[in-house]
Amino acid sequence: SHELMGIHPYNPLEDTYSIYAHPLRNIDELCASIVRSHRETSQCRVEELQALRWKLFSREEIQAYQSKTVDEMWQHCAIQLTDAVQYVVEFAKRIPGFRMLSQNDQIALLKTGSMEVVLVRMSRYFNTENNTVFFDGKFAGAEVFKSLACGDLIAAVFDFAHDMCALKLTEQQIALFTALVLINADRPCLEDRGRVQRVQRNVELGLTHILHRDNQDNLLHKLYQRMAVLRSLCRLHIEKLHWFSQRYPLTAHSLFPPLYKELFASEGELLPGTTH
Ligand SMILES: N#Cc1cc2c(cc1C(F)(C(F)(F)F)C(F)(F)F)CC[C@H]1N(C(=O)[C@H]3CC[C@H](C(=O)O)CC3)CC[C@@]21S(=O)(=O)c1ccc(F)cc1
């Protein structure tokens with residue numbers, strides 16, 4: 001059974017977003033519902049973290065992270081990632097139209113899009129003054145992740161966060177952007193691409209509406225460029241995960257959370273574990 005809990009088979013009678021129940025009166029309502037879902041499904045609030053932005057790790061704490069073994073640190077981050085992805089699954093389910101899609105298409109969109117949404121969400125907390133990300137309750141520089149033994153990937157993650165901050169997106173813009181990152185009809189293995197396209201077009205209308213309202217139409221092409229960077233980052237993540245699972249099969253097989261394996265392990269390669 002799929003670990004992406006809570007994804008129920010589509011039942012038109014109970015689906016509150018089917019066009020027969022409550023047609024979304026207009027784009028404003030679509031935007032409002034996506035912004036509300038983003039706020040409700042974020043692990044932290046940007047304003048809360050502003051207050052914490054100078055809470056850095058001490059030398060001893062950094063030493064402790066750096067003396068973790070490769071597999072300990074990977075496992076630690078995999079758990080954080082799995083937590084963050086759970087919130088993204090909840091966000092996806094509340095995007096108008098997402099639940100109208102088949103269960104397989106919902107899974108396919110989350111498999112490829114959830115990591116990208118997590119990376120965009122991470123960038124909201126990035127502190128560009130000292131290049132630190134929010135991690136384990138404090139702000140961490142790249143050196144904290146040294147024991148992951150994937151410095152190039154961490155550097156790319158930090159660069160991405162830095163570039164996203166430069167756009168100075170509002171929470172509303174981020175909400176619509178992450179919804180569009182998820183609802184992408186070009187993703188592989190979709191059963192009903194046309195249906196995903198219809199949901200995607202509504203979300204695109206929402207994003208362009210928000211950007212136009214904010215008089216920032218020029219941001220749209222920059223956001224599409226960032227989506228290309230996200231795809232390359234996630235390819236790098238999967239490559240590293242393959243490298244890691246070859247070197248530490250036990251950790252990857254039995255110590256990573258089931259949802260993490262469901263999402264990031266290509267079927268069969270990592271482990272037979274998850275049943276369908
Ligand atoms: N296993 C992991 C992993 C886990 C994470 C990231 C990258 C990886 C990789 F894989 C990579 F890069 F390959 F993807 C890495 F780095 F480990 F290799 C980036 C998003 C991070 N993250 C967050 O920033 C959340 C986002 C959601 C937000 C909210 O909902 O409000 C709360 C904070 C969740 C997991 C977490 S992390 O915190 O473990 C972390 C790890 C490395 C790093 F340099 C910075 C952060």
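Guide: Gladly! Let us start with L236, which counts as partly exposed because its relative accessibility is 23%; buried means under 20% relative accessible area, exposed over 50%, and partly exposed in between, with a 1.4 Å probe and protein chains only. Before we go on, please note that this is a predicted model, in which local features need pLDDT of at least 70 and side-chain atom pairs count only at pLDDT 80 or more, while totals for chains, interfaces and linings use all residues. Residues are numbered from 1 along each chain as its sequence is written, and side-chain values use heavy atoms, with hydrogens and water left out.

L236 sits in helix α9. Helices here are DSSP runs of H or I with at least four residues, strands are runs of E with at least two, and both are numbered from the N terminus. Leaving aside residues up to four places away in sequence, L236 touches L153 and A156, where contact means heavy atoms within 4.5 Å. For a sense of distance, L236 and A140 lie 96 residues apart in sequence and 21 Å apart in space, C-alpha to C-alpha.

Helix α6 covers residues 151-166 and helix α9 covers residues 219-247; their axes come within 10 Å and cross at roughly 160 degrees. Such axes are lines fitted to C-alpha atoms, for helices over the stretch in contact, with angles from 0 to 180 degrees between N-to-C directions. The crossing angle therefore makes α6 roughly antiparallel to α9; angles under 35 degrees count as roughly parallel, over 145 as roughly antiparallel, 65 to 115 as roughly perpendicular, and the rest as oblique. On the α6 side, the contact is made by D152, L153, A156, V157, F160, D163 and M164, and on the α9 side by R226, V229, L230, L233, L236, H237 and K240. These residues divide into nine nonpolar, one polar and four charged. In this scheme Ala, Val, Leu, Ile, Met, Phe, Trp, Tyr, Cys and Pro are nonpolar, Asp, Glu, Lys and Arg are charged, and the others, Gly among them, are polar.

Helix α9 has another partner as well. Helix α4, residues 70-93, has an axis that comes within 12 Å of that of α9, and the two cross at roughly 135 degrees. That angle makes α4 oblique to α9. Here V70, D71, W74 and L81 of α4 meet H237, K240, W243 and F244 of α9. Five of the residues in this contact are nonpolar, one is polar and two are charged.

Stepping back, the protein chain has 11 helices and two strands, in the order α-α-α-α-α-β-β-α-α-α-α-α-α along the sequence. Of its 276 residues, 48% are buried. Among contacts with a separation of 6 or more, 79% join residues 24 or more positions apart.

Most residues other than glycine have a negative phi. N131, though not a glycine, has a positive phi of about 50 degrees; N131 lies in the loop between α5 (103-123) and β1 (133-135) and is partly exposed, at 37% relative accessible area. C189 is not a glycine either, and has a positive phi of about 55 degrees. C189 belongs to the loop between α7 (171-182) and α8 (193-213), and is exposed, with a relative accessible area of 67%.
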